[in-house]
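My notes follow in the order in which I looked things up.

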Amino acid sequence: MTESRATATESAAAVDLAAMRAQYLVDGMTETDVAADPFEQFGRWFQQAAAQAADPAGVLAEPNAMVVSTADGQGRPSSRTVLLKGFDRHGFVFFTNYESRKAREIAANPHVSLLFPWHPIARQVIVTGTAERTGRDETVRYFRSRPHGSQLGAWASAQSSVIASREELDAAYAELAARYPEGEQVPAPPHWGGFRVAPETVEFWQGRSNRLHDRLRYTREGASWTLHRLSP
Ligand SMILES: Cc1cc2nc3c(=O)[nH]c(=O)nc-3n(C[C@H](O)[C@H](O)[C@H](O)COP(=O)(O)O)c2cc1C
């Protein structure tokens with residue numbers, strides 16, 4: 001253990017992390033360029049990120065991968081990546097296990113943060129807001145659109161719990177695959193579903209040269225949004 005830690009430290013030192021920085025030579029973003037509300041603005045940026053991901057020469061692999069941070073009832077934070085599966089004026093939707101750590105934390109404290117790390121295009125979007133479960137109909141509709149194997153996986157995994165071995169997981173999957181062969185409808189598990197994050201703030205960060213980045217943050221004020229520029 002000690003030895004592998006030492007190796008990791010040495011290889012990090014060999015990379016010279018202190019000297020690692022990309023120069024961001026991209027166009028800026030002004031208060032007049034951006035949309036009147038963050039949903040419209042997110043749509044524009046998401047389209048650009050998705051176009052970059054579709055480009056064979058592109059390096060932005062999964063533009064809908066976002067880091068969801070939650071905190072438990074004592075304010076202790078935790079983060080993990082999930083996939084954005086929808087967004088509109090009501091919020092940002094992802095699907096997960098309702099008995100997972102993140103879901104238990106959301107039940108104790110609905111305040112969350114979402115972060116889209118679009119490094120290859122020198123952008124990030126950070127959302128803060130509150131999460132609530134999507135309706136069952138929405139969950140079932142999305143569950144039916146998933147590949148058969150993913151549907152079985154949702155049943156096979158008691159997400160976030162400790163398991164004895166990989167074999168235990170594979171055996172649970174094999175049992176389900178025998179019960180629901182390809183082509184047979186798999187019911188949506190009751191412990192699985194969506195969360196919708198209703199935003200309170202949405203920050204759009206655009207990397208610029210000399211660390212003089214653009215940061216524009218929308219804040220919800222009743223039914224409308226105010227826009228502020230933040231110092232980088
Ligand atoms: C690219 C990527 C996408 C992921 N998408 C999801 C997802 O949409 N839903 C999900 O529950 N977990 C997803 N995961 C796994 C989560 O990061 C995490 O391991 C899991 O949800 C358990 O988190 P928790 O124990 O903190 O609740 C994804 C992981 C990666 C790396």
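I began with the shell around the ligand and noted that β2 (77-83), β4 (91-97) and α3 (101-108) each supply at least two residues to it, where helices (H or I, at least four residues) and strands (E, at least two) are DSSP runs numbered from the N terminus. I saw that β2 gives the most, with five residues. Before going on I wrote down that this is a predicted model, in which local features need pLDDT of at least 70 and side-chain atom pairs count only at pLDDT 80 or more, while totals for chains, interfaces and linings use all residues. Residues are numbered from 1 along each chain as its sequence is written.

Of the 16 residues around the ligand, I listed Arg80, Thr96, Ser100, Lys102 and Ser160 as those that come nearest, a residue being near if its C-beta atom, placed from the backbone, lies within 6 Å of the molecule.

Next I turned to the UniProt record, an unreviewed entry, whose "binding site" annotation includes Arg211, Leu212 and His213; such annotations may be inferred rather than shown by experiment. I found Leu212 in the loop between β7 (192-206) and β8 (214-221). Leu212 counts as exposed because it has 11 C-beta neighbours inside 10 Å (exposed means 12 or fewer, buried 20 or more, partly exposed in between, with C-beta atoms placed from the backbone).

Last, I checked helix α5 (residues 148-156) against helix α6 (residues 166-179), which pack at an angle of about 125° with their axes 9 Å apart; the axes are lines fitted to C-alpha atoms over the stretch in contact, and angles run from 0 to 180 degrees between N-to-C directions. I therefore recorded α5 and α6 as oblique to each other, since angles under 35 degrees count as roughly parallel, over 145 as roughly antiparallel, 65 to 115 as roughly perpendicular and the rest as oblique.
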